[in-house]
Amino acid sequence: MTQVMSTLAKVDWKRMVTYTVNNPKQAFINAAIAYVLFRQTLKMAKKVSIYGLRSTFSLLWKQIAGVLVRHIRRAPGTGIVVQRNISKIVKDIEDSMNVAVPGESKYLTVPDQGMSDDEILAILKRRQNEAGIDWKNGRASGAVYHGGEELVRLTNEAYAMYNLTNPLHPGVFPGLRRIEAEVVRMVLDLYNGDAKCCGTTTSGGTESIIMAVRSHVVWGREIRGINNANIVVPVTAHAAFDKAAEYFGIGITHIPVDPLTQKVDLKAMRRAIDSDTVLIVGSSATFPHGVADDLAALGRMAIKYKVGFHIDSCLGSFIMPFLKEAGFPEIVCDFRLPGVTSISCDTHKYGFAPKGTSVVMYFNKQMRHYQYFTISTWPGGIYASPTIAGSRSGAVIAGCWAAMTKMGRNGYLQQCKDIVNCRIEIQKGIEQIPELYVVGEPSSTVVAFSSHEPVGIFGVMDEMKKRGWDLSPLQYPSALHLACTRLTVPVAGEFLRDLSDSVAQVKANPEGYNKGSQAIYGFASTVPDTTIIDEVAQGFIDALYAA
């Protein structure tokens with residue numbers, strides 16, 4: 001500080017004022033340039049403090065390379081070739097999805113004459129059984145969170161009973177209102193919420209996260225006067241946080257993780273927080289690697305910097321609260337942690353509820369109020385809704401309540417034991433294969449793994465696919481993951497045998513796997529212009545609606 005004051009004392013302020021008065025236009029231009037340079041210098045300094053010098057320049061180079069590639073794509077000839085290749089990839093995706101089924105009609109217009117019940121159910125049954133991944137025998141990573149045939153029959157019956165209900169009309173369906181309130185309260189109890197804690201149901205983890213971000217953005221604006229809010233999240237946090245940032249037009253800073261543990265870098269997180277930060281995030285556990293961040297440290301950080309702290313436990317859901325009781329190392333990821341302001345938990349994962357149910361929880365009612373939307377001046381009357389949707393299905397809420405009350409604490413405890421032990425068995429098996437290594441420090445039901453050269457991990461994925469397994473591909477670093485479910489438990493040994501055989505197959509001929517998944521995911525992780533990947537991803541979504 002003394003050095004700065006000494007430097008300022010040497011400035012010829014009188015001469016500077018004289019120059020400004022005599023050359024106001026040039027002085028303004030100089031000041032504007034200086035301001036821009038100062039702002040950019042501050043941004044660069046912040047990036048260096050978060051990512052380090054080497055990673056910052058690597059990110060900068062990728063941005064520059066991306067701009068160059070985008071300009072090249074606009075050039076006559078080159079752009080046409082690139083776009084033609086993208087269109088071919090998208091067409092291949094659509095063709096692979098929209099395959100004609102022999103003897104099966106397409107229904108592209110409402111039929112003039114209504115079909116019979118038997119006819120409709122026969123078509124639905126055939127389409128239900130169209131060839132795909134054999135998820136019923138545990139061949140899928142996550143995707144289907146099955147609580148057993150008996151539970152499915154019960155939740156289906158509950159679903160049918162409440163098929164016409166809508167929680168938007170509590171006066172019409174008062175029993176449904178009680179059911180929904182009890183679902184929220186039961187989940188709060190699992191996460192050690194006291195009487196002040198509260199929450200709402202949502203349609204899934206993505207909506208729970210989006211609602212939590214909205215609450216903190218509104219809180220920041222109304223309580224702290226922040227109009228340019230930002231959130232700070234680990235790079236491994238769920239993509240729903242990026243979706244929320246895009247939807248609400250706020251800033252988002254992605255924090256690197258420790259390459260060994262895959263837990264968020266606390267020092268980098270601390271450096272990223274600024275006066276416009278409204279929320280920091282930790283996971284229990286992360287989707288990519290099944291790792292729990294240091295939540296206690298993040299809670300202390302939130303208190304120190306007076307920002308919100310969200311724990312994303314959508315995947316951990318009904319597993320994490322039972323770890324200690326099941327005999328595994330406890331990971332505290334609930335309202336016992338000081339600093340926690342919100343938590344998301346998917347009841348439709350390991351709560352075994354029907355798809356389309358999740359709960360977002362808050363440490364007090366005021367924070368929940370920031371989630372709500374109300375308008376008192378609409379000609380249609382006073383309108384208020386707790387989440388994004390207006391009308392909602394009461395059927396999935398009833399199914400959720402039925403699943404939770406049927407399973408009970410003892411049922412969830414047993415499932416926690418079985419599924420986490422399955423993950424541990426598979427993790428140990430992977431560690432016995434010399435060509436593979438586990439990524440991060442798994443803490444719940446997910447295990448991620450990669451490979452040593454010359455074995456390509458995506459070649460292993462292709463071989464596993466030939467054997468009927470559907471594994472999730474990861475990037476940064478390239479890896480695969482398996483989210484164990486109740487259906488994985490009886491086939492853990494079979495998975496490990498097929499994995500060992502797949503690795504041996506790739507090792508015997510590594511060059512033979514340079515195409516396929518290796519080419520696709522290798523290209524995706526190295527191409528500097530991410531808009532190319534975005535176009536392919538958009539084409540994939542378009543293909544979902546090709547009839």
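Me: What makes β2, helix α10 and β3 a right-handed unit?
Reply: β2, helix α10 (residues 240-248) and β3 make a right-handed β-α-β unit. The term applies if, with the strands pointing away from the viewer, the path from the first strand over the helix to the second runs clockwise. Helices (H or I, at least four residues) and strands (E, at least two) are DSSP runs, numbered from the N terminus.

Me: What should I know about the model itself?
Reply: It is a predicted model: local features need pLDDT of at least 70, side-chain atom pairs count only at pLDDT 80 or more, and totals for chains, interfaces and linings use all residues. Residues are numbered from 1 along each chain as its sequence is written, and side-chain values use heavy atoms, with hydrogens and water left out.

Me: How do you know that β2 pairs with β3?
Reply: Two strands pair if DSSP finds at least two bridges between them. Five bridges join β2 to strand β3 (residues 251-255), and the two run parallel. I231 has I252 as its bridge partner in β3.

Me: What makes β2 and β4 a pair?
Reply: Three bridges link β2 to strand β4 (residues 277-283), again in the parallel sense. That meets the requirement of at least two.

Me: Why is β2 called largely enclosed?
Reply: Buried means under 20% relative accessible area, exposed over 50%, and partly exposed in between (1.4 Å probe, protein chains only). Five of the five residues of strand β2 (residues 230-234) are buried, so the rest of the structure largely encloses it. N230, V232 and P234 point one way, I231 and V233 the other, and all are buried.

Me: Why is L151 called buried?
Reply: Its relative accessible area is 5%. The limit is under 20%, so L151 counts as buried. L151 lies in helix α7 (residues 149-161). Beyond residues up to four places away in sequence, L151 touches F352, A403, K406 and M407. Contact means heavy atoms within 4.5 Å.

Me: What makes F352 and Y412 a stacked pair?
Reply: Rings of Phe, Tyr and Trp (its six-membered ring) pair if their centres lie within 6.5 Å; planes under 30 degrees apart count as stacked, over 60 as edge-to-face and the rest as tilted. The structure holds seven aromatic pairs. In the pair of F352 and Y412, the centres are 6.3 Å apart and the planes 15° apart, which makes it stacked. F352 lies in the loop between β6 (342-345) and β7 (358-362) and Y412 in helix α14 (residues 394-431), so the pair ties together parts that are 60 residues apart in sequence. Both F352 and Y412 are buried. Ring pairs link F318, F322, F352 and Y412 into a cluster.

Me: Why is the pair of W469 and F495 called edge-to-face?
Reply: The planes of W469 and F495 stand at 85°, with 5.2 Å centre to centre. Edge-to-face needs an angle over 60, so the label holds. W469 is buried at a relative accessible area of 1%, and F495 counts as buried at 0%.

Me: How do you know that R139 sits over the ring of W469?
Reply: The charged end of R139 is 4.2 Å from the ring centre of W469. A charge sits over a ring if NZ of Lys or CZ of Arg is within 6 Å of the ring centre and within 35 degrees of the ring normal. R139 is listed as sitting over the ring.

Me: What makes the link between E435 and K507 a polar contact?
Reply: The side chains of E435 and K507 come to 2.9 Å. A polar contact is a pair of N or O atoms within 3.5 Å; within protein, one must be able to donate a hydrogen and the other to accept it, and residues adjacent in sequence count only if both atoms are side-chain atoms. E435 counts as buried at 16% relative accessibility.

Me: Why is K306 called exposed?
Reply: The relative accessible area of K306 is 63%. Exposed means over 50%, so K306 qualifies. K306 also has a positive phi of about 55°, although it is not a glycine.
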